[in-house]
Amino acid sequence: MKQKYLLILMAAALTLTFGSCTVDDSPSQGRVADGAIRFSLTGDNRGRTRADIQLDREKSVTSVIAVAFYRSTGKFATWAEAVDISDRGLSADWRANLGTPDLYDVYFIANADDNLKTALNTLTADTSTKENFFGIEATQSPGTSTTDGAFLMTSEKVEVDIDSDLDGTLLASPVTVTRASARIDLQIDDDVMASVSKVTLKNRYTSTKVARIGADASMTGLDSEDHEYTVSLSGAGKELTGTIYAYEDPSQSSVLIIEGRLADGTPGTLVTPAVRFDSQHQNVALQRNHLYTIRLSRNTDPADVGDVDADIVVKDWSTGDVISRSHTALAVRTAPTYAIAASGTGWTYATGTVTLTSAAETAFTVTVNNTGSTLSKVVCKDQVEGFTVAEGARSVSAAGLPVQTFTVTILANTTGAPRSFTFAVENLLDADATGTASFTVSQPAS
């Protein structure tokens, strides 16, 4: 499989910024007990000239939580939900009361659901540590294609020195919050697939830790699922944008499977290209606040059933800066494996040999497990007649690989002598791939 990597660019992580605001002493603002912080929230992209790759609902903020730790001890102090004191939503002025003036390390969480707030209540003042906080599991959806403010966002540590100003201490420096989710978009060239009916993200993580180091592969206690997206993509410009969201997966086990019909080759043939977010490619393990755009194209060297190529562009979801680019042929030229049951009506199987019990016509099933998106075929190597091979249903394995079933029928033996057949299970792109498996069939005389 070929791969080529482009230069990795350093990506800015700016999604939304908390910045200083103008103090307003009007009565409508009210006055609160000392120990409050004030900040403004903006979602613009000042200084950027490139097109905004974020949808409005993906950067929308409906609530903000401040989680504070004493800087002197590193122990948990309190958490507070900020109040929008200007009632302006995304461009609001916010205020959170942390209780008393002190030096704090504060972490901000946007769009937390009730379950996450309940989990924060398990932290104990003067006892719980930042590690306890980082280990809290967020179980809300990684994001939806319809709901504003549905994306969990978190910040790095912000050092806050709270004084006794009754209007609240203004934050002097911007604070960055980023989405905990990743987004996956799909683009399909017209000469690859005529239509797409279903996309499945296998091992899609639906929960995450509040904070995580990207290189940490521990996913202990987190939930994942195989999630199907029923789509109807056909005609020109087949794209799926702003639909697939998942939490990060440092374990590198997520697989995207695209089910559709080929545009050429064998007309209408069902294919299931599978894109793996693993170490096979450069920097494509799913990470938070990253946008993955997958483009499927035809691999014309040679063009054949199942021979599909992929180009994966990884961008910072906030800035659009390219972080990495991976080009890889999905069609794998390695030999498949096969399985045959131990016995059936009129036959038995053991150690690569199917033994028929009579000269009568007999059929059995061969299950072929492919090693990549390339499909396979079952061929007889030493006979031109006396049998038929028909492909049946196709499916996808738990690992996201295509599975084919073939019915092999040995016709009635009327020759008056025993006969045998040798079948090979071949990769469509490489019939002589190393490890190509075969089996024999023995049939008695009539």
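**Exercise 1. State how much of the contact set in the protein chain, at a separation of 6 or more, comes from residues 24 or more positions apart. Then describe the overall make-up.**

Step 1. In the protein chain, 73% of the contacts with a separation of 6 or more join residues 24 or more positions apart. The model is predicted.

Step 2. Take the secondary structure. The chain holds three helices and 34 strands.

Step 3. Take the cover. Of its 446 residues, 51% count as buried.

Step 4. Take the surface. The chain exposes about 19,000 Å². Carbon and sulfur atoms supply 50% of that area.

**Exercise 2. Work out the strand order of the six-stranded open sheet, and find its edge strands.**

Step 1. The order is 26-27-28-34-33-30, with mixed pairing.

Step 2. Strand 26 (343-344) and strand 30 (376-380) are the edges, since each pairs on one side only.

Step 3. Strand 30 pairs with strand 33 (residues 419-427) over five bridges, in the antiparallel sense. Ser 376 has Asn 427 in strand 33 as its bridge partner.

**Exercise 3. Decide whether Lys 381 and Glu 426 are buried or exposed, and say what their salt bridge ties together.**

Step 1. Find the distance. The closest N and O atoms of Lys 381 and Glu 426 are 2.9 Å apart.

Step 2. Classify Lys 381. Its relative accessibility is 52%, so Lys 381 counts as exposed; the cut-off is over 50%.

Step 3. Classify Glu 426. Its relative accessibility is 5%, so Glu 426 counts as buried; the cut-off is under 20%.

**Exercise 4. Trace the salt bridge between Asp 105 and Arg 71, and name the network that includes these residues.**

Step 1. The side chains of Asp 105 and Arg 71 meet at 3.4 Å, N to O.

Step 2. The pair links distant parts of the chain, 34 residues apart. Asp 105 lies in strand 8 (residues 103-110), and Arg 71 lies in the loop between strand 4 (64-70) and strand 5 (76-81).

Step 3. Asp 105 is buried at 5% relative accessibility. Arg 71 is partly exposed at 27%.

Step 4. Widen the view. Salt bridges link Arg 71, Asp 105, Lys 130 and Asp 161 in a network. The whole structure has 16 salt bridges.

Key: Residues numbered from 1 in each chain as written. Predicted model: local features only at pLDDT ≥ 70, side-chain atom pairs only at ≥ 80, totals over all residues. Heavy atoms only, no water. Helix = DSSP H or I, 4+ residues; strand = E, 2+ residues; numbered from the N terminus. Buried < 20%, exposed > 50% of the residue type's maximum accessible area, 1.4 Å probe, protein only. Contact = heavy atoms within 4.5 Å. Areas by Shrake-Rupley, 256 points an atom, 1.4 Å probe, with all protein chains shown as cover. Pairing = 2+ DSSP bridges. Salt bridge = Lys/Arg side-chain N within 4 Å of Asp/Glu carboxyl O.
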